[in-house]
Amino acid sequence: MSVQKILQGRVPIDPQTVDAPLTRSATFLVVTIADTHKAVETVRSVLSSIDRLSKNVSVRDLGASFSCTVGIGNDAWDRVTRLPRPEELHPFRVVRGEKHTAVSTPGDLLFHIRAERRDLCFEFERQLLESLGDAVAVVDDTEGFRYFDVRDLLGFVDGTANPVGQDVPESTLVTAREDAAVVGGSYVVVQKYMHNMAAWERLSTEQQEAVIGRKKLDNVEIASPPEGKQQPHKSLAFVQDDKGKVHEILRDNMPFGSPGSEQFGTYFIGYSKELWVIERMLQRMFVGHPPGLYDKLLDFSTPLTGVAFFAPSADLLRKL
């Protein structure tokens, strides 16, 4: 038996692992940093030791696939890291279509916390916020959960277009070719979408499938209409560059919500080695391709937030 097999399930997942396993539970925590020198020093200290804080929790159940990935936003990068800026890092850009808008909202730090057990996510977040104290203010704290066979609350399988195998690091991790100063890091974009379930459920299954571009029951892809016609979500979320090369991103979306408060949503989180890929995807969705033929899913799903971050490598984070 290989060493890797022996150690599997007995060591924590490495910090800043973008492609950590899809889990049953996740917390998406976005905070802003107070405008004081003391606050920045506190944040820097916590981030540089985030691997030790993670181990405090992950060691309690090494089979629970606990992980935490930290993203640093545009306004916080220079203050916190004192390192060269990732070349593409900038605030989330508002995307205005004829009918729908991808909004931009505050956020200095993202903590993407994942585990098979909800209590591990809870305990890590508790210890994290206790360590950060009044150095930060929480602007969004969303608890995600796996819904049946990785479906969203609209009833469709989510994440089918994700890269697999060696395509994952090739799609998500910056190399020296893109930006030698931040090799091993990844751009991260988050958006919190709320669904109008009443309106969605008034559609027939066939109408829903036409919006998504896949069969609802078995996830089989439906052929897209000819170029120039209204495209489904799965086609508008597909990105090619000007030379025809396909560019993938890694999504780790999670449903969230509360039936009692009539909140039903999807927390979108996308990792990419190049921020422009996600930005072009959002342009295609909100403006349309061609312009005007926007993603009809947006008639039922409204983004409440929009923030861009850069998740540095674990080595870079330790050096803060």
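Cys-121 is buried in this predicted model. Its relative accessibility is 0%. The closest cysteine sulfur to that of Cys-121 belongs to Cys-68, at 9.5 Å. That distance is too far for a bond. Cys-68 is likewise buried, with a relative accessible area of 5%. Seen from Cys-68, the closest cysteine sulfur is the one in Cys-121. A disulfide requires the two sulfur atoms to lie within 2.5 Å, so a separation of 9.5 Å rules out a bond between Cys-68 and Cys-121. The structure as a whole holds 0 disulfides.

Charged pairs were examined next. Side chains of opposite charge can pair when their charged atoms come close. A search of the whole structure returns 23 salt bridges. One of them joins Asp-119 to Arg-117. The closest N and O atoms of this pair are 2.5 Å apart. Asp-119 is partly exposed, at 40% relative accessibility. Arg-117 is also partly exposed, at 33%.

A further salt bridge links Asp-149 and Arg-151. Here the closest N and O atoms are separated by 2.7 Å. The partners fall into separate accessibility classes. Asp-149 is partly exposed, with a relative accessible area of 41%. Arg-151 is buried, with a relative accessible area of 14%. The cut-off for buried is under 20%, so the 14% of Arg-151 places this arginine in the buried class.

Arg-280 and Asp-242 also meet through their side chains in a salt bridge, with an N to O distance of 3.7 Å. Arg-280 is in helix α11, which spans residues 275-286. Asp-242 sits in the loop between β8 (239-240) and β9 (246-247). The pair therefore ties together parts that are 38 residues apart in sequence. Arg-280 is partly exposed, with a relative accessible area of 30%. Asp-242 reaches 75% relative accessibility and counts as exposed. The cut-off for exposed is over 50%, which is why Asp-242, at 75%, falls in that class.

Salt bridges also form a network. Its members are Arg-60, Glu-123, Arg-126 and Glu-130. Glu-123 was examined in detail. This glutamate is placed in helix α5, residues 118-132. At 14% relative accessibility, Glu-123 is buried. Its side chain makes a polar contact with the side chain of Arg-126, at 2.7 Å. With residues up to four places away in sequence set aside, Glu-123 touches Val-57 and Arg-60.

Ala-135 is buried, at 3% relative accessibility. Neighbours within four places in sequence were left aside in listing its contacts. The remaining partners of Ala-135 are Thr-32, Ile-33, Ala-34, Ala-39, Thr-42 and Val-43. Ala-135 was also compared with Phe-286, a residue 151 positions away along the chain. The C-alpha atoms of Ala-135 and Phe-286 are separated by 36 Å.

Methods. Residues numbered from 1 in each chain as written. Predicted model: local features only at pLDDT ≥ 70, side-chain atom pairs only at ≥ 80, totals over all residues. Heavy atoms only, no water. Helix = DSSP H or I, 4+ residues; strand = E, 2+ residues; numbered from the N terminus. Buried < 20%, exposed > 50% of the residue type's maximum accessible area, 1.4 Å probe, protein only. Polar contact = N/O pair within 3.5 Å; in protein donor to acceptor, adjacent residues only side chain to side chain. Contact = heavy atoms within 4.5 Å. Salt bridge = Lys/Arg side-chain N within 4 Å of Asp/Glu carboxyl O.
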